[in-house]
Amino acid sequence: MSDVGTTHEDLERFLAEHHLVGAGLKRDGRAAPRQGNTAAHWEWDGIYRGLMRSGEIVTVGPNGMTGMRSVVGIEARKFPIWMNAQILMPGERTQAHRNLRSETRLVCQAPKNAVFVCEYEAYPMERGDVVISPAWTFHDHWNQDTTPAIWIDGYDNGYNPNVNINERMPNDEPYEEIKKPPAYGQRTLGLARPLSNATPFPLPPVRYPWADTHAALTALRENGESDLYDGIMIMLASPVDGGPTLPTIAWQAQLLSTKQKTLPHRHNSTTFYFAFEGEGAVVIENERLQYHQGDIFAVPAWTWHHHENTNDKDTILFSIDDWPAMTKLGFYMKEEAKGF
Ligand SMILES: [Fe+2]
Ligand SMILES: [Fe+2]
(Lines give C-alpha, C1' and ligand atoms only; values in the text may rest on other atoms or scores of the structure.)
(Ligands and ions follow the chains in the order given, each with its own letter.)
Protein backbone atom coordinates (compact mmCIF):
# COMPACT_ATOMS: atom_id res chain seq x y z
CA MET A 1 0.00 0.00 0.00
CA SER A 2 1.46 3.35 -0.96
CA ASP A 3 1.80 6.21 1.47
CA VAL A 4 -0.64 9.08 1.06
CA GLY A 5 1.89 11.37 -0.65
CA THR A 6 2.00 15.15 -0.73
CA THR A 7 0.04 16.35 -3.78
CA HIS A 8 -3.63 16.39 -4.68
CA GLU A 9 -2.92 13.71 -7.29
CA ASP A 10 -1.22 11.53 -4.67
CA LEU A 11 -4.21 11.93 -2.40
CA GLU A 12 -6.67 11.14 -5.21
CA ARG A 13 -4.68 7.98 -5.97
CA PHE A 14 -4.51 6.96 -2.30
CA LEU A 15 -8.26 7.49 -1.86
CA ALA A 16 -8.99 5.51 -5.03
CA GLU A 17 -6.90 2.60 -3.74
CA HIS A 18 -9.24 2.62 -0.74
CA HIS A 19 -12.38 2.97 -2.93
CA LEU A 20 -12.92 6.56 -1.79
CA VAL A 21 -13.14 10.01 -3.35
CA GLY A 22 -12.71 13.38 -1.62
CA ALA A 23 -14.79 16.56 -1.85
CA GLY A 24 -12.92 19.15 -3.91
CA LEU A 25 -10.79 16.40 -5.47
CA LYS A 26 -11.10 14.47 -8.72
CA ARG A 27 -11.89 10.81 -8.80
CA ASP A 28 -8.85 8.83 -9.91
CA GLY A 29 -9.66 7.44 -13.37
CA ARG A 30 -8.43 3.97 -12.45
CA ALA A 31 -10.97 3.57 -9.65
CA ALA A 32 -13.88 1.58 -11.00
CA PRO A 33 -16.78 0.87 -8.64
CA ARG A 34 -16.66 -2.64 -7.20
CA GLN A 35 -19.57 -5.00 -7.80
CA GLY A 36 -21.43 -7.35 -5.47
CA ASN A 37 -23.45 -7.16 -2.28
CA THR A 38 -20.42 -6.60 -0.06
CA ALA A 39 -18.73 -4.00 -2.29
CA ALA A 40 -19.94 -1.10 -0.18
CA HIS A 41 -17.34 -1.43 2.58
CA TRP A 42 -14.73 1.19 3.39
CA GLU A 43 -12.04 0.58 5.98
CA TRP A 44 -11.15 3.05 8.69
CA ASP A 45 -7.46 3.03 7.85
CA GLY A 46 -8.13 4.51 4.40
CA ILE A 47 -10.84 6.85 5.67
CA TYR A 48 -8.69 8.18 8.51
CA ARG A 49 -5.43 8.59 6.63
CA GLY A 50 -7.24 10.11 3.66
CA LEU A 51 -9.03 12.59 5.94
CA MET A 52 -5.84 13.58 7.76
CA ARG A 53 -3.99 14.29 4.52
CA SER A 54 -7.05 16.10 3.14
CA GLY A 55 -6.94 18.24 6.26
CA GLU A 56 -3.45 19.35 5.34
CA ILE A 57 -3.81 20.01 1.61
CA VAL A 58 -7.51 20.63 0.86
CA THR A 59 -8.76 24.01 2.09
CA VAL A 60 -12.31 24.40 3.40
CA GLY A 61 -14.58 27.31 4.33
CA PRO A 62 -15.94 30.44 2.64
CA ASN A 63 -12.72 30.93 0.64
CA GLY A 64 -11.67 27.28 0.41
CA MET A 65 -11.51 24.70 -2.37
CA THR A 66 -14.62 23.04 -1.02
CA GLY A 67 -17.52 23.83 1.28
CA MET A 68 -17.04 20.59 3.18
CA ARG A 69 -13.97 18.39 3.38
CA SER A 70 -15.20 14.84 3.18
CA VAL A 71 -14.33 11.44 1.87
CA VAL A 72 -17.06 9.18 0.53
CA GLY A 73 -17.09 5.67 -0.86
CA ILE A 74 -17.01 5.43 -4.65
CA GLU A 75 -19.87 2.94 -4.51
CA ALA A 76 -21.91 4.90 -1.94
CA ARG A 77 -23.89 6.96 -4.39
CA LYS A 78 -25.73 4.06 -5.91
CA PHE A 79 -27.75 3.96 -2.68
CA PRO A 80 -30.67 6.28 -1.82
CA ILE A 81 -29.00 7.23 1.48
CA TRP A 82 -25.33 7.18 2.45
CA MET A 83 -22.66 7.99 4.98
CA ASN A 84 -19.39 9.83 4.46
CA ALA A 85 -16.66 11.09 6.80
CA GLN A 86 -15.51 14.66 7.44
CA ILE A 87 -12.62 16.34 9.18
CA LEU A 88 -12.40 19.90 10.49
CA MET A 89 -8.92 21.07 11.32
CA PRO A 90 -7.99 23.40 14.22
CA GLY A 91 -9.19 26.95 13.65
CA GLU A 92 -11.46 26.09 10.73
CA ARG A 93 -15.10 27.02 10.27
CA THR A 94 -17.23 25.90 7.32
CA GLN A 95 -19.59 28.25 5.50
CA ALA A 96 -23.15 28.25 6.82
CA HIS A 97 -25.93 27.09 4.53
CA ARG A 98 -29.24 25.26 4.47
CA ASN A 99 -30.58 22.81 1.94
CA LEU A 100 -33.52 20.52 1.31
CA ARG A 101 -31.98 17.34 2.58
CA SER A 102 -31.36 16.33 6.16
CA GLU A 103 -27.76 16.26 7.33
CA THR A 104 -26.99 14.12 10.35
CA ARG A 105 -23.66 13.54 12.11
CA LEU A 106 -22.08 11.01 14.43
CA VAL A 107 -18.99 12.25 16.28
CA CYS A 108 -15.89 10.00 16.04
CA GLN A 109 -13.45 12.30 17.80
CA ALA A 110 -13.53 15.97 18.70
CA PRO A 111 -11.73 18.36 21.00
CA LYS A 112 -13.64 20.25 23.68
CA ASN A 113 -13.95 23.50 21.75
CA ALA A 114 -15.37 22.12 18.53
CA VAL A 115 -19.09 22.59 17.86
CA PHE A 116 -21.79 21.96 15.31
CA VAL A 117 -23.73 25.20 14.86
CA CYS A 118 -27.35 24.77 13.83
CA GLU A 119 -30.18 27.29 13.83
CA TYR A 120 -28.09 29.76 15.84
CA GLU A 121 -27.20 27.28 18.59
CA ALA A 122 -23.81 25.64 19.26
CA TYR A 123 -23.98 21.90 19.91
CA PRO A 124 -21.09 20.23 21.77
CA MET A 125 -19.36 17.30 20.11
CA GLU A 126 -18.51 14.26 22.21
CA ARG A 127 -17.60 10.88 20.80
CA GLY A 128 -20.79 8.94 20.06
CA ASP A 129 -23.06 11.99 19.95
CA VAL A 130 -25.49 12.19 17.05
CA VAL A 131 -26.53 15.69 15.95
CA ILE A 132 -29.35 16.23 13.46
CA SER A 133 -29.64 19.22 11.10
CA PRO A 134 -33.06 18.62 9.52
CA ALA A 135 -33.85 19.87 6.03
CA TRP A 136 -33.84 23.68 5.70
CA THR A 137 -31.99 24.39 8.95
CA PHE A 138 -28.92 26.66 8.75
CA HIS A 139 -25.75 24.93 9.90
CA ASP A 140 -21.97 25.17 9.96
CA HIS A 141 -19.13 23.55 11.89
CA TRP A 142 -16.51 25.32 13.98
CA ASN A 143 -13.33 23.93 15.50
CA GLN A 144 -11.80 26.46 17.90
CA ASP A 145 -9.38 23.93 19.37
CA THR A 146 -5.96 22.46 18.67
CA THR A 147 -6.75 18.95 17.36
CA PRO A 148 -8.92 17.80 14.43
CA ALA A 149 -12.62 16.98 14.75
CA ILE A 150 -13.83 13.95 12.77
CA TRP A 151 -17.38 12.77 12.26
CA ILE A 152 -19.54 10.52 10.09
CA ASP A 153 -22.36 12.14 8.12
CA GLY A 154 -25.63 10.42 7.26
CA TYR A 155 -27.72 11.96 4.47
CA ASP A 156 -31.28 11.28 3.39
CA ASN A 157 -30.60 13.24 0.18
CA GLY A 158 -34.04 14.83 0.30
CA TYR A 159 -35.01 11.52 -1.24
CA ASN A 160 -33.71 12.70 -4.62
CA PRO A 161 -29.92 13.00 -4.92
CA ASN A 162 -30.29 14.78 -8.28
CA VAL A 163 -32.09 17.84 -6.89
CA ASN A 164 -30.98 19.83 -3.87
CA ILE A 165 -32.13 23.37 -3.20
CA ASN A 166 -29.26 25.09 -1.45
CA GLU A 167 -29.18 28.55 0.14
CA ARG A 168 -26.52 30.69 1.81
CA MET A 169 -27.13 32.93 4.78
CA PRO A 170 -28.93 36.27 4.16
CA ASN A 171 -26.54 38.86 2.68
CA ASP A 172 -24.12 36.01 2.03
CA GLU A 173 -22.87 36.16 5.60
CA PRO A 174 -20.26 33.37 5.90
CA TYR A 175 -21.35 32.16 9.32
CA GLU A 176 -24.42 32.15 11.49
CA GLU A 177 -24.37 33.99 14.77
CA ILE A 178 -24.72 31.84 17.90
CA LYS A 179 -27.73 33.59 19.41
CA LYS A 180 -29.40 30.86 21.43
CA PRO A 181 -28.34 30.03 25.01
CA PRO A 182 -26.39 26.82 25.69
CA ALA A 183 -28.45 23.61 25.53
CA TYR A 184 -31.55 25.54 24.34
CA GLY A 185 -32.69 22.58 22.24
CA GLN A 186 -32.10 20.06 24.99
CA ARG A 187 -34.03 22.25 27.46
CA THR A 188 -37.04 22.84 25.22
CA LEU A 189 -37.52 19.49 23.48
CA GLY A 190 -38.04 17.32 26.56
CA LEU A 191 -41.28 16.55 28.35
CA ALA A 192 -41.47 20.24 29.35
CA ARG A 193 -41.70 22.24 26.14
CA PRO A 194 -43.27 25.34 24.59
CA LEU A 195 -46.88 25.13 23.38
CA SER A 196 -46.03 26.47 19.92
CA ASN A 197 -44.74 24.51 16.95
CA ALA A 198 -46.90 21.40 17.11
CA THR A 199 -45.81 20.50 13.57
CA PRO A 200 -42.78 22.70 12.97
CA PHE A 201 -41.04 23.29 9.69
CA PRO A 202 -38.18 23.10 9.61
CA LEU A 203 -37.96 20.40 12.25
CA PRO A 204 -35.75 21.38 15.20
CA PRO A 205 -32.09 20.39 15.38
CA VAL A 206 -31.48 17.66 17.97
CA ARG A 207 -28.41 16.39 19.78
CA TYR A 208 -28.48 12.81 21.05
CA PRO A 209 -25.66 12.52 23.62
CA TRP A 210 -23.71 9.26 23.66
CA ALA A 211 -24.37 8.93 27.40
CA ASP A 212 -28.13 8.60 26.73
CA THR A 213 -27.64 6.11 23.88
CA HIS A 214 -25.31 4.00 26.00
CA ALA A 215 -27.70 4.13 28.96
CA ALA A 216 -30.58 2.83 26.82
CA LEU A 217 -28.51 -0.04 25.39
CA THR A 218 -27.30 -0.97 28.88
CA ALA A 219 -30.81 -0.91 30.36
CA LEU A 220 -32.08 -3.27 27.65
CA ARG A 221 -29.22 -5.63 28.32
CA GLU A 222 -29.81 -5.55 32.07
CA ASN A 223 -33.44 -6.47 31.37
CA GLY A 224 -32.48 -9.33 29.05
CA GLU A 225 -34.03 -7.80 25.93
CA SER A 226 -32.20 -8.83 22.78
CA ASP A 227 -33.84 -9.27 19.39
CA LEU A 228 -33.09 -12.48 17.46
CA TYR A 229 -32.46 -10.50 14.27
CA ASP A 230 -30.86 -7.28 15.49
CA GLY A 231 -29.45 -7.93 18.95
CA ILE A 232 -29.93 -5.06 21.37
CA MET A 233 -31.07 -2.21 19.18
CA ILE A 234 -32.53 1.23 19.73
CA MET A 235 -33.55 4.10 17.51
CA LEU A 236 -32.92 7.73 18.32
CA ALA A 237 -36.50 8.97 18.51
CA SER A 238 -37.75 12.32 17.30
CA PRO A 239 -38.57 14.60 20.25
CA VAL A 240 -41.37 16.07 18.12
CA ASP A 241 -43.54 12.98 17.79
CA GLY A 242 -41.61 10.08 19.35
CA GLY A 243 -41.29 8.43 15.94
CA PRO A 244 -38.09 7.82 13.97
CA THR A 245 -35.30 10.37 14.02
CA LEU A 246 -36.52 12.04 10.82
CA PRO A 247 -39.48 11.40 8.48
CA THR A 248 -36.97 9.88 6.05
CA ILE A 249 -34.32 8.01 8.05
CA ALA A 250 -33.80 6.60 11.50
CA TRP A 251 -30.51 6.63 13.38
CA GLN A 252 -30.06 3.39 15.25
CA ALA A 253 -27.54 1.96 17.70
CA GLN A 254 -27.05 -1.77 18.08
CA LEU A 255 -25.13 -3.83 20.62
CA LEU A 256 -24.00 -7.34 19.75
CA SER A 257 -22.61 -9.33 22.67
CA THR A 258 -19.49 -11.45 22.44
CA LYS A 259 -19.96 -14.33 19.97
CA GLN A 260 -23.58 -13.33 19.35
CA LYS A 261 -24.93 -14.45 15.99
CA THR A 262 -28.24 -13.06 14.78
CA LEU A 263 -30.77 -14.78 12.54
CA PRO A 264 -31.04 -13.67 8.89
CA HIS A 265 -33.64 -11.21 7.71
CA ARG A 266 -34.13 -8.94 4.73
CA HIS A 267 -35.96 -5.66 4.19
CA ASN A 268 -36.33 -3.32 1.26
CA SER A 269 -34.88 -0.39 3.17
CA THR A 270 -31.17 0.38 2.87
CA THR A 271 -28.90 0.36 5.91
CA PHE A 272 -25.58 2.19 6.25
CA TYR A 273 -23.47 1.17 9.24
CA PHE A 274 -20.59 2.69 11.16
CA ALA A 275 -18.64 0.26 13.37
CA PHE A 276 -18.39 2.36 16.51
CA GLU A 277 -16.78 -0.17 18.85
CA GLY A 278 -15.41 -3.67 18.40
CA GLU A 279 -15.53 -5.75 15.25
CA GLY A 280 -17.57 -8.41 13.57
CA ALA A 281 -18.96 -9.80 10.37
CA VAL A 282 -22.12 -9.23 8.44
CA VAL A 283 -23.05 -12.01 6.04
CA ILE A 284 -24.99 -10.70 3.02
CA GLU A 285 -26.45 -13.28 0.62
CA ASN A 286 -23.77 -15.76 1.76
CA GLU A 287 -20.94 -13.25 1.16
CA ARG A 288 -19.01 -12.51 4.32
CA LEU A 289 -17.98 -8.93 5.09
CA GLN A 290 -15.51 -8.67 8.00
CA TYR A 291 -15.35 -5.22 9.54
CA HIS A 292 -13.29 -3.50 12.21
CA GLN A 293 -13.81 -0.44 14.39
CA GLY A 294 -14.21 2.71 12.29
CA ASP A 295 -15.32 0.97 9.09
CA ILE A 296 -18.39 2.09 7.11
CA PHE A 297 -20.45 -0.49 5.23
CA ALA A 298 -23.88 -0.80 3.66
CA VAL A 299 -26.43 -3.59 3.50
CA PRO A 300 -28.31 -3.26 0.19
CA ALA A 301 -32.10 -3.38 0.13
CA TRP A 302 -33.76 -6.80 -0.02
CA THR A 303 -30.64 -8.86 0.69
CA TRP A 304 -30.65 -11.60 3.32
CA HIS A 305 -28.18 -10.70 6.06
CA HIS A 306 -27.18 -11.56 9.59
CA HIS A 307 -24.58 -10.31 12.09
CA GLU A 308 -21.81 -12.09 13.96
CA ASN A 309 -19.79 -10.57 16.76
CA THR A 310 -16.37 -12.12 16.16
CA ASN A 311 -14.42 -10.52 19.01
CA ASP A 312 -14.27 -11.08 22.75
CA LYS A 313 -16.08 -7.88 23.74
CA ASP A 314 -19.25 -6.02 22.80
CA THR A 315 -19.57 -4.69 19.30
CA ILE A 316 -21.56 -1.48 18.89
CA LEU A 317 -22.84 -0.43 15.49
CA PHE A 318 -24.50 2.85 14.61
CA SER A 319 -26.65 2.87 11.49
CA ILE A 320 -29.00 4.93 9.37
CA ASP A 321 -31.89 3.23 7.63
CA ASP A 322 -34.62 4.61 5.36
CA TRP A 323 -37.40 2.41 6.75
CA PRO A 324 -39.33 5.53 7.91
CA ALA A 325 -39.67 6.87 4.35
CA MET A 326 -40.39 3.42 2.94
CA THR A 327 -43.06 2.83 5.57
CA LYS A 328 -44.79 6.19 5.02
CA LEU A 329 -44.82 5.66 1.26
CA GLY A 330 -46.41 2.24 1.73
CA PHE A 331 -43.50 0.25 0.27
CA TYR A 332 -41.78 -1.22 3.31
CA MET A 333 -41.45 -4.97 3.65
CA LYS A 334 -39.44 -7.24 5.91
CA GLU A 335 -38.97 -11.02 5.98
CA GLU A 336 -37.44 -13.00 8.81
CA ALA A 337 -35.89 -16.45 8.53
CA LYS A 338 -36.77 -18.98 11.21
CA GLY A 339 -33.21 -20.35 11.17
CA PHE A 340 -30.19 -20.81 8.94
FE1 LIG B 1 -24.53 21.13 4.94
FE1 LIG C 1 -31.29 -5.59 8.82
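Q: Before we look at the metal, what counts as a donor here?
A: Donors are N, O and S atoms within 2.8 Å of the metal (3.2 Å for Na, K and Ca), and since water is not among the atoms, sites may look incomplete. This is a predicted model, in which local features need pLDDT of at least 70 and side-chain atom pairs count only at pLDDT 80 or more, while totals for chains, interfaces and linings use all residues. Residues are numbered from 1 along each chain as its sequence is written.

Q: OK, what spacing do the donors of the iron ion (ligand 1) follow?
A: Along the chain they follow H-x5-E-x35-H, and the coordinating atoms are His-97 (NE2), Glu-103 (OE), Glu-103 (OE) and His-139 (NE2), at 2.1 to 2.4 Å.

Q: And are His-97 and Glu-103 buried or exposed?
A: Both His-97 and Glu-103 are buried, meaning under 20% relative accessible area with a 1.4 Å probe, protein chains only.

Q: Switching topic, which domains does the chain have?
A: The assignment, automatic or from a database, gives domain 1 (8–159 + 166–206) and domain 2 (209–336), with C-alpha centres 22 Å apart.

Q: How many residues are in contact between them?
A: With contact taken as heavy atoms within 4.5 Å, 39 residues of domain 1 touch 39 residues of domain 2.

How values were computed. Chains are lettered from A and ligands numbered from 1 in the order in which they are written. Side-chain values use heavy atoms; hydrogens and water are left out. Buried means under 20% relative accessible area, exposed over 50%, partly exposed in between (1.4 Å probe, protein chains only).
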